[in-house]
Amino acid sequence: MSEESDSKVEAMDLLRQLEDILESDALIDELGFIHPSQFPLLKEESDISSSLSYEASHQSEDGIVSSVESSKQDNIYFWNRDHKLGISTHVLLPLYRTVKHAFMITFKQYRMCDNQSDKVGICLPASSCDHLESTLLRHSKSLLVLSCDFMTAWNCRKLIVSKKQQLSMFVDELLLSELVLSYSPKSEQAWNHRRWVIKSISGNCSNFKEILGKESELVEKIAERSKMNYRAWNHRCWLVSYMTIEQVLCELKKSRSWAALHVADNCCFHYRRKLLLKMMEGQSCLDDVVSCGHNVNIVQALKDELDWNETLIKRYVGREALWLHRRFLSMCWINNFVPDSGDESYHSKEATGLYHDFGTFLQNELCLLHSCSTFVDDDFVDVQAQAAHSACYILWLKVQVPKPLVNELQEKIRDVDLKTFLNKSCPERSSLFNYFIN
């Protein structure tokens, strides 16, 4: 019985240490779970680093700094330095059980206090609820650090922060969710919490534009170390709805270099598609737009994206994500800038001078097909994939163009003998190709 009691006391002491560390260093931005055998090595590195730092500064305020560093280094369960936190895997289970128990008890007390204060004629002291809220925020933070999927803890924090409506508390929630994402970058609950925070402060935050920029940078940083992270990119796409046109143009420019280095990751190209759609939001055709300068930006952005996409396709052979992106760009071009001779406003569209000549557009796409099919006999898998992607793209384009312009496309397709090329590059789909060509 005494051993069980001692273990509970020890677990409570560990929880107190963890919560003190989290409270004393609010800027912790990275978390890791460390095997106990690694702590001596971390202590040794910390000693060396501390010695070098001491020799460089030649000062220690009456030994206070040294004693603090020493207490951190002597801890065999937690490591905290340079806003990084390490927790020993040896204490994870007892820590989790203890903090979960403490959180649930405090949460029940808080709900009872909240319910009683709502009853008529009962007035509880504000300090009582404030103390419970403070304790809940401490416990829920530790709990989420150990178990990021504990929805009750996230919802509890939402409840308290919503009641307070203090900007500093919303900022703390962003810091906490960022800490969680440092070790669990695909945590749906953490990303949802960030969206809740951003939505809550969107209407009354003076530096909201800056926060959006930092959010976008955070996603890119996480995506760099967590490949194909759909949840992170989905969050970044969600941010587009809050961006101004100037921010959209800036994001298009900033995300280009990352996308060029990750051509197999369709998530980034999907994000760029969201940005382009934001630019064209509510604009089915150029006649509906008032600002001529804004129109030119849209047209030029699509032209630049098409040219850049073509460069990547030729540089990185056989990447399907690039061809999927080109389909989107071509669809936007056809729907918005290709004149339809059956349209009553056809002549007025031509008069604006903003509509690309369909023949030139099509000729460029067929030239791309020709450049991608030059080495169709090559045994290299990526080269064969490039030929198949390019042929399928042209066939897809045939289905998308307006009916009055199909004949022009059909003639140009005959010139390149697309049928033979398709059957050669992808023989298993020959019957399907023949159906669409004919």
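The chain of the predicted model comprises 20 helices and three strands. Of its 438 residues, 46% count as buried. Among contacts in the chain with a separation of 6 or more, 71% are accounted for by residues 24 or more positions apart.

The three strands form an open sheet with the order β1-β3-β2 and mixed pairing. Strands β1 (30-34) and β2 (78-81) lie at the edges, each pairing on one side only. From one strand to the next, the twist averages 15°. The two pairings of β3 (residues 84-88) can be described in turn. With β1, strand β3 runs parallel, and five bridges join the two; within β3, I87 is the residue that stands opposite F33. With β2, strand β3 runs antiparallel, and four bridges join this pair. The bridge partner of R81 in β3 is K84. The hairpin of β2 and β3 has two residues between the strands, and in this hairpin D82 adopts a positive phi near 55°. The side chains of β2 are divided between two directions: F78 and N80 point one way from the strand, whereas W79 and R81 point the other way. All four of these residues, F78, W79, N80 and R81, are buried.

Positive phi values also occur in two loops. Q165, a residue other than glycine, has a phi near 50° and is placed in the loop between α6 (151-164) and α7. The relative accessible area of Q165 is 45%, so this residue is classed as partly exposed. M228, likewise a residue other than glycine, has a positive phi near 50° and lies in the loop between α9 and α10 (230-239). With a relative accessible area of 46%, M228 is therefore also classed as partly exposed.

The largest pocket of the model has a volume of about 380 Å³. Its lining is made up of 17 residues, and those nearest the centre of the pocket are L22, L137, K141, R157 and D172. Two or more lining residues are given by each of α1 (2-24), α5 (126-146) and α7 (167-183). Of the elements, α7 gives the most to this lining, with six residues. By class, the lining of the largest pocket contains eight nonpolar and eight charged residues, together with one polar residue.

The second largest pocket holds about 330 Å³ of space. A total of 15 residues line this pocket, of which L174, E178, R194, K214 and E215 lie nearest its centre. At least two residues of the lining are supplied by α7 and at least two by α9 (208-225). The largest share comes from α9, which provides seven residues. The lining of the second largest pocket divides into seven nonpolar, seven charged and one polar residue.

Key:
Residues numbered from 1 in each chain as written. Predicted model: local features only at pLDDT ≥ 70, side-chain atom pairs only at ≥ 80, totals over all residues. Heavy atoms only, no water. 1 Å grid on protein atoms, 1.4 Å probe; cavity = no way out; pocket = protein on both sides within 12 Å on 5 of 7 lines; lining within 4 Å. Points joined across faces, edges and corners; volume = space filled by probe spheres on them. Nonpolar A, V, L, I, M, F, W, Y, C, P; charged D, E, K, R; others polar. Pairing = 2+ DSSP bridges. Axes fitted to C-alpha atoms, helices over the stretch in contact; angles between N-to-C directions. Buried < 20%, exposed > 50% of the residue type's maximum accessible area, 1.4 Å probe, protein only. Contact = heavy atoms within 4.5 Å.
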